[in-house]
Amino acid sequence: EERLSHALVKGIDKYIDGDTEEARLKKDKYPLTLNIIEGPLMDGMNIVGDRFGAGKMFLPQVIKSARVMKKAVKWLLPYLEKEKAEAQANNDDTVSSGNDQKLVVLATVKGDVHDDW
């Protein structure tokens, strides 16, 4: 799990598929695939955000980190879809609320790179 966070912080994608799969197979620690995204992957992205906010990382590094995150999520996507389908078949709302209404929230924070737009 620390390797996932480290890969995101450093922008290294060489082993991300293998490390992501290793985490996915740890069902005792991550019973749902979504737990991997919400856990070590988001931990790494939070570090990236903190460093960017503090001026210790710059936009090209953040973009590299985002690409690593995207690659890890792409690896997990088939498993996320399978768990969602199984949950819907079982009428289980652990993975999905069962609510077909969609909601999109898009936000930035004051002081970030979007302020110039």
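Is Thr-20 buried or exposed, and what is its relative accessible area? Thr-20 is buried, at 0%. Buried means under 20% relative accessible area, exposed means over 50%, and partly exposed lies in between (1.4 Å probe, protein chains only). The legends below take up this residue and its surroundings.

**Figure 1. Overview of the predicted chain.** This is a predicted model, in which local features need pLDDT of at least 70, side-chain atom pairs count only at pLDDT 80 or more, and totals for chains, interfaces and linings use all residues. Residues are numbered from 1 along each chain as its sequence is written, and side-chain values use heavy atoms, with hydrogens and water left out. The chain has four helices and zero strands. Its pattern along the sequence is α-α-α-α. Helices (H or I, at least four residues) and strands (E, at least two) are DSSP runs, numbered from the N terminus. Of the 117 residues in the chain, 29% are buried. The accessible surface is about 8600 Å², and carbon and sulfur atoms account for 55% of that surface. Accessible areas come from the Shrake-Rupley method with a 1.4 Å probe; for residues, only the protein chains shown count as cover.

**Figure 2. Confidence along the chain.** Mean pLDDT for the chain is 87. A value of 70 or more is reached by 87% of its residues. pLDDT is the predictor's confidence in each residue, from 0 to 100. Where pLDDT is low, the predicted coordinates should not be read in detail.

**Figure 3. Helix H2 and its cover.** H2 spans residues 16-24. Its buried residues are Ile-16, Asp-19, Thr-20, Glu-21, Ala-23 and Arg-24. Their cover includes helices H1 (2-10), H3 (33-53) and H4 (59-89). Thr-20 belongs to H2. Neighbours within four places in sequence aside, Thr-20 is in contact with Leu-4, Ile-36, Ala-72, Trp-75 and Leu-76. Contact means heavy atoms within 4.5 Å.

**Figure 4. Thr-33 and the Arg-24 site.** Thr-33 lies in helix H3. Thr-33 is buried, with a relative accessible area of 2%. Neighbours within four places in sequence aside, its contacts are Arg-24, Lys-27, Leu-76, Tyr-79, Leu-80 and Glu-83. Two of these partners, Arg-24 and Tyr-79, also meet as charge and ring. The charged end of Arg-24 sits over the ring of Tyr-79, 3.6 Å from the ring centre. A charge sits over a ring if NZ of Lys or CZ of Arg is within 6 Å of the ring centre and within 35 degrees of the ring normal.

**Figure 5. The largest nonpolar core.** This core has 15 residues. Those with the most contacts inside the core are Leu-4, Leu-8, Ile-16, Ile-36, Ile-37, Leu-41 and Met-69. H1, H2, H3 and H4 are the elements that give two or more residues to the core. H4 gives the most, with five residues. A nonpolar core is a set of buried Ala, Val, Leu, Ile, Met, Phe, Trp, Tyr and Cys residues joined through side-chain atoms within 4.5 Å. Neighbours within four places in sequence aside, Leu-41 is in contact with Leu-4, Leu-8, Ile-36, Met-69, Ala-72 and Leu-76.

**Figure 6. Links across the sequence.** Of the contacts between residues at least 6 apart in sequence, 66% join residues at least 24 apart. Lys-10 is in helix H1. Lys-10 is partly exposed, with a relative accessible area of 47%. Lys-10 and Gly-44 are 34 residues apart in sequence and 9.3 Å apart in space, C-alpha to C-alpha. Gly-53 is in helix H3. Gly-53 is exposed, at 67% relative accessible area. Gly-53 and Gly-111 are 58 residues apart in sequence, with 8.8 Å between their C-alpha atoms.
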